[in-house]
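Have a go at each task before you read its solution.

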Amino acid sequence: MGPIRFFSILLLYILSFSPTLLFSQTTSENEYGSWFVLSGTNIIGEKWSIPTVGILRHHGMWENYEFAFVRTGINYHASQKVQLGLGGAFLDSKHYLPGEDIEIGRQFWFYQQLRMKSKWYRYSLDHRLRLENRWIHREQDVYFNARVRYRIQFIKPLVQRIYVRSFNELFVNLNENLFNQNRLYIGIGFKASKNLNIDFGYLKNHFNSHQNDVIRMGVQFKTNMASGKKNFAKKGSSKIRA
């Protein structure tokens with residue numbers, strides 16, 4: 001596949017799976033920020049692994065702390081193409097309101113998810129469907145939110161260890177306004193080793209009332225704590241599906 005055809009297909013992919021224009025009533029108000037994401041897969045058995053995810057986000061470019069997020073759980077690898085998971089997460093946040101007001105909050109999540117691989121032309125797509133149950137604490141109030149997230153991710157090797165990574169993720173509320181948010185990302189990655197990837201790129205985060213322009217840096221790793229020689233990582237490719 002030549003470069004012109006590849007980038008044409010990538011553009012169609014982005015437009016096809018970005019429902020923001022259909023659901024979001026965004027205004028012209030924009031915010032900007034930066035994210036650092038550390039995520040990994042820790043293999044503990046033939047079909048089992050423990051995910052670890054940490055996110056540090058700043059309002060403004062690496063300036064004002066906005067939130068810290070940690071997530072873990074357990075994954076069952078039914079096959080090389082199908083993965084089931086469940087777990088929990090904690091988020092501590094500062095929400096920057098118009099003017100100089102800041103709203104401090106915390107969130108506790110419980111989630112269940114399904115991940116699947118599929119083919120698109122000669123390349124692989126990674127689908128992730130997740131149900132999240134969130135208890136959100138703000139000031140003296142606590143309220144419950146349930147939402148569904150669907151992410152489709154595409155990774156295309158370019159030259160040697162360099163690759164393009166893109167994903168689009170739609171968030172839908174189950175107990176209030178339908179549209180929650182949408183995240184669209186495109187960036188360049190570097191495969192530093194068999195078990196370590198680094199990528200850097202641009203993320204557009206749409207909400208109902210505003211949109212965020214984000215510089216996102218991600219580090220994905222894989223460890224193997226399984227005592228046996230046979231596990232899902234040995235059978236499949238060494239790509240990290242974070």
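**Exercise 1. Find the residues that form a nonpolar patch on the surface.**

Step 1: Start with the members: Val70, Leu86, Phe90, Phe108, Phe110, Trp135, Val142 and Phe144. Together they have about 710 Å² of accessible area (Shrake-Rupley method, 1.4 Å probe; for residues, only the protein chains shown count as cover). To join a patch, a residue needs over 30% relative accessible area and no salt bridge; nonpolar side chains (Val, Leu, Ile, Met, Phe, Trp, Tyr) are joined within 5 Å, like charges within 9 Å. A salt bridge, by the way, is a side-chain nitrogen of Lys or Arg within 4 Å of a carboxyl oxygen of Asp or Glu.

Step 2: See which strands contribute. β4 (82-96), β5 (102-120) and β7 each supply at least two residues of the patch. Strands (E, at least two residues) and helices (H or I, at least four) are DSSP runs, numbered from the N terminus.

Step 3: Zoom in on Phe108, which lies in strand β5. Phe108 counts as partly exposed because its relative accessibility is 37%; buried means under 20%, exposed over 50%, and partly exposed is in between (1.4 Å probe, protein chains only).

A word on what you're looking at: this is a predicted model, where local features need pLDDT of at least 70 and side-chain atom pairs count only at pLDDT 80 or more, while totals for chains, interfaces and linings use all residues. Residues are numbered from 1 along each chain as its sequence is written, and side-chain values use heavy atoms, with hydrogens and water left out.

**Exercise 2. Work out which strands pair with β8.**

Step 1: Locate strand β8 at residues 162-173, where 10 of its 12 residues are buried.

Step 2: Look at β7 (residues 141-157), which pairs with β8 in the antiparallel sense over 11 bridges; strands pair if DSSP finds at least two bridges between them. Arg151 has Glu169 in β8 as its bridge partner. The hairpin of β7 and β8 has 4 residues between the strands, and Gln160 there takes a positive phi near 50 degrees.

Step 3: Now turn to strand β9 (residues 179-193), also antiparallel to β8, over 11 bridges. Here Phe167 stands opposite Tyr185, and 5 residues sit between β8 and β9 in their hairpin.

**Exercise 3. Is Arg149 buried or exposed?**

Step 1: Find Arg149 in strand β7.

Step 2: Check its relative accessible area: Arg149 comes out at 6%, so it is buried.

Step 3: List what Arg149 touches, not counting residues up to four places away in sequence: Trp109, Arg128, Leu129, Arg130, Glu132, Glu169, Leu170, Phe171 and Arg183. Contact means heavy atoms within 4.5 Å.

**Exercise 4. Pick out the largest nonpolar core.**

Step 1: Gather its 8 residues: Val37, Val53, Ile55, Phe67, Phe69, Ala89, Leu91 and Trp109. A nonpolar core is a set of buried Ala, Val, Leu, Ile, Met, Phe, Trp, Tyr and Cys residues joined through side-chain atoms within 4.5 Å.

Step 2: Trace the suppliers: β2 (48-59), β3 (64-77) and β4 give two or more residues to this core.

Step 3: Spot another core lying apart from that one, with 5 residues, among them Phe167, Tyr185, Leu203 and Val214.

**Exercise 5. How many helices and strands are there in the chain?**

Step 1: Count them up, and you get 3 helices and 11 strands.

Step 2: Finish with burial: of the chain's 242 residues, 43% count as buried.
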